[in-house]
Amino acid sequence: TLPPSEYKVADMSLAEYGRKEMDIAEIEMPGLMACREEMGTKKPLTGAKVMGSLHMTIQTAVLIETLKELGADLRWCSCNIFSTQDHAAAAVVAEGTSVFAWKGESLEEYWWCTERALTWEDGSGPDIIVDDGGDATLLIHEGFKSEIAYEKDGTLPDPNSTDNAEFKIVLQTIRDGLSKNPKRWHNVVDKLVGVSEETTTGVHRLIERAREGSLLCPAINVNDCVTKSKFDNVYGCRHSLPDGIMRATDVMLAGKTIMICGYGDVGKGSAQAMKAAGARCLVAEIDPICALQATMEGFQVATLDDYVKEIDIIITTTGNKGIVTVDHMAKMKNNAIVGNIGHFDNEIDIAGLESYKGIKKIEVKPQVHRWVFPDGHGIIMLAEGRLLNLGCATGHPSFVMSCSFTNQTLAQVELWENRSSGKYENNVYILPKVLDEKVARLHLKHLNAKLTELSPEQAEYIGVKADGPFKPESYRY
Ligand code: NAI
């Protein structure tokens, strides 16, 4: 058992419940179980300290146990203040892995958890990171940058240098640490082998760092595995978006006018779910190709400004900021539901709501609030503008997460096995297509799907090997 200083979760008495749900999830996660079978005796992650910053759910617990079975020594935190499933966190701790996560963290607690998960008992940092959204990567990079400035002329990071409330906390965390150990993040970077990133927004952040030359370790972009973004982002959200809206509000979706902002992978799954529930679904897009795709699926493409007074529900899926402004919400129908399923909460102007003169915030239940404007009309905000499928429901189901997490597992093994091969520089990489096809293959049997095999003549005719890869890199699926 772990000493109390090496974990922090809501309630250890939930461990048994978590275990039971993990046992059920395992059956729905054939890719992860195949990894255990294939690599469980070889233990390719032996010696690797793996830190994860990724929604601490039941599915993630099965990922953690898989990485552990492959030999890793793990520490974990969630990448969102509302996404932890407390029974999952407790079950992982009960098996001896350090978790710092509970549902309903404050932002200060969130960054404390991230920092704790990055620090092993002996003070050392991780060898490899499983990141989702890039917050663990951000803390390390900001810490490293601050230490350079501090060493140069004693400059400490100044939390007042930013208006961003959350970034203030990051800077404060680094500032507090600097006085104790001015080389803390340098030591972490020195041994860091790499990071595998789960989501679109985290990948954007990595690519930006690589472009400006500030990326401090190799990174594998797991999101852009076909068996991740074309499954988790699409079909995962198709499942968990309506789940979140309904658990939060019990509202009838059929007949409602619903606007989905963004028609990328997440938007496509989201819009499809709303249409299937019988809603009249509108789509807002900036990209003409995605907008045209939406029209081909029968969605009206429109702007929020034109429809703000008509919509019953609005969901943001853009990974961009400033999509729903407080002025929009001031004009909405009484009890219009506002939610976001993109990675960060800046898609909706929560700060604008908070500072709106005369507004009242009423808690209906945790993660569901009614904001009442001075004119008496209200809007219902889900998960305080943070990803509502994980805040108001339990995120994606196990089967689709098995696809995502099998890619994560392969990425972790790839980074660790190549830690001194020189194969990866400080850049962003994707896994080879054969592995993507392998991940898909591992999930077919569970659904009773039988593949057709290419004959040698057919393979030659279309110019591929009989056992793949079956498509060129440029193919878009
Ligand atoms: P994507 O890049 O495929 O799609 C985003 C779409 O939003 C693009 O088509 C873009 O043109 C559009 N867009 C950008 N600015 C816009 C604006 N101002 N108005 C309207 N549309 C706009 O990205 P993807 O994979 O769909 O991910 C979207 C977000 O969801 C990211 O933050 C990602 O990290 C997150 N995500 C969340 C999941 C969840 O479970 N909640 C699962 C997977 C991804």
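Helices (H or I, at least four residues) and strands (E, at least two) are DSSP runs, numbered from the N terminus. Residues are numbered from 1 along each chain as its sequence is written. The model is predicted: local features need pLDDT of at least 70, side-chain atom pairs count only at pLDDT 80 or more, and totals for chains, interfaces and linings use all residues.

View 1. Ala, Val, Leu, Ile, Met, Phe, Trp, Tyr, Cys and Pro count as nonpolar; Asp, Glu, Lys and Arg count as charged; the others, Gly among them, count as polar.

**View 2. Eight strands build an open sheet with mixed pairing.** Their order is β9-β8-β7-β10-β11-β14-β13-β12. β9 (300–301) and β12 (360–365) stand at the edges with a single partner strand each, so one side of each has no neighbour in the sheet. Two strands pair if DSSP finds at least two bridges between them. Strands β7 (residues 257–261) and β8 (residues 280–284) are joined by five bridges in the parallel sense. T257 has R280 of β8 as its bridge partner. Strands of a sheet pair through backbone hydrogen bonds, either parallel or antiparallel.

**View 3. An open sheet of seven strands has parallel pairing.** The strands run in the order β3-β2-β1-β4-β5-β6-β15. At the edges are β3 (98–100) and β15 (428–429), each pairing on one side only. Strand β5 (residues 194–197) pairs with strand β6 (residues 219–221) in the parallel sense, over three bridges. E197 has its bridge partner, N221, in β6.

**View 4. Domain 1 meets domain 2.** Domain 1 covers 4–132 + 134–197, and domain 2 covers 237–391. These bounds come from an automatic or database domain assignment. The C-alpha centres of the two domains lie 30 Å apart. Six residues of domain 1 are in contact with seven of domain 2; contact means that C-beta atoms, placed from the backbone, lie within 7 Å. On the domain 1 side, the touching residues are two nonpolar, four polar and no charged.

**View 5. A UniProt annotation covers residues 233–395.** The unreviewed entry labels this span "domain: S-adenosyl-L-homocysteine hydrolase NAD binding". UniProt positions follow the numbering used here, feature names are shortened, and annotations may be inferred rather than shown by experiment. The end C-alpha atoms of the span lie 11 Å apart. Its make-up is 35% helix and 23% strand.

View 6. Most residues other than glycine have a negative phi, and most peptide bonds are trans. P469 sits in the segment after α19 (456–462). E384 lies in the loop between β14 (378–382) and α16 (388–391).

**View 7. Confidence across the model.** The chain has a mean pLDDT of 98, and 100% of its residues reach 70 or more. pLDDT is the predictor's confidence in each residue, from 0 to 100. For the complex, the predictor gives an ipTM of 1.00 and a pTM of 0.98.

Methods. Two residues are in contact if their C-beta atoms, placed from the backbone, lie within 7 Å.
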